[in-house]
Every structure is written in structure tokens, then in C-alpha cells.
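I opened this entry to look up the fold elements, the surface and the charged pairs of one protein. The notes below follow the order in which I looked.

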Amino acid sequence: MPIEIKELHIKINVNEGSKSSASSSAPKGKSEDAVAECVEQVMKIIERKKER
């Protein structure tokens, strides 16, 4: 029996003072790779949902 998630709660903390240090700490290529991987995983989930 498949499990269906009805609600998803996402909580993040944003620090106004550390904007410049956060963006400079991660290399640009790494963050772009992570975003691309996340997008790919979301697209796979959407495709699986359509198959049902």
C-alpha cells in the first residue's frame, strides 16, 4: 500500500547579517550541481506520480 503525504512543513532560518559569507563559502559549481540534482529528483517524483 503506497504512503501518501498530505502535508509537508519546511522550516528555514535566514540570517540577514550573514548573506555575503554564505554565498562566498560554497563554490558556484557545487551549488549549481546540487540544484540540478534536486530538480532532477523532483521531476522523477512527478513522473512516478503521473504513472499511478
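I took helices (H or I, at least four residues) and strands (E, at least two) as DSSP runs, numbered from the N terminus. The model is predicted, so I noted that local features need pLDDT of at least 70 and that side-chain atom pairs count only at pLDDT 80 or more, while totals for chains, interfaces and linings use all residues. Residues are numbered from 1 along each chain as its sequence is written, and side-chain values use heavy atoms, with hydrogens and water left out.

**Elements and surface.** I found two helices and zero strands in the protein. For exposure I used relative accessible area, calling a residue buried under 20%, exposed over 50% and partly exposed in between (1.4 Å probe, protein chains only). By that scale, buried residues make up 0% of the 52 residues. The accessible surface, from the Shrake-Rupley method with a 1.4 Å probe and, for residues, only the protein chains shown as cover, comes to about 5,700 Å², and 57% of it belongs to carbon and sulfur atoms.

**Nonpolar patch.** I then looked for patches, which are made of residues with over 30% relative accessible area and no salt bridge, like charges being joined within 9 Å and nonpolar side chains (Val, Leu, Ile, Met, Phe, Trp, Tyr) within 5 Å. Ile3, Ile5, Leu8, Ile10, Ile12 and Val14 form a nonpolar one on the surface, and together they have about 790 Å² of accessible area. I checked Ile12 from this group, and its place is in the segment before α1 (19-25). Ile12 counts as exposed because its relative accessibility is 65%.

**Salt bridges.** My rule was a side-chain nitrogen of Lys or Arg within 4 Å of a carboxyl oxygen of Asp or Glu, and by it I count three salt bridges.

- Glu4 and Lys6 form one of them, with the closest N and O atoms 4.0 Å apart, and both residues are exposed.
- Glu40 and Lys44 meet through their side chains at 3.6 Å, N to O. They are separated by about one helical turn, because they stand four residues apart in helix α2 (residues 28-51). Glu40 is partly exposed at 46%, and Lys44 is partly exposed at 47%.
- Glu47 and Lys50 meet at 3.9 Å, N to O, and both lie in helix α2, three residues apart, about one turn of the helix. Lys50 is exposed at 61%, whereas Glu47 is partly exposed at 41%.
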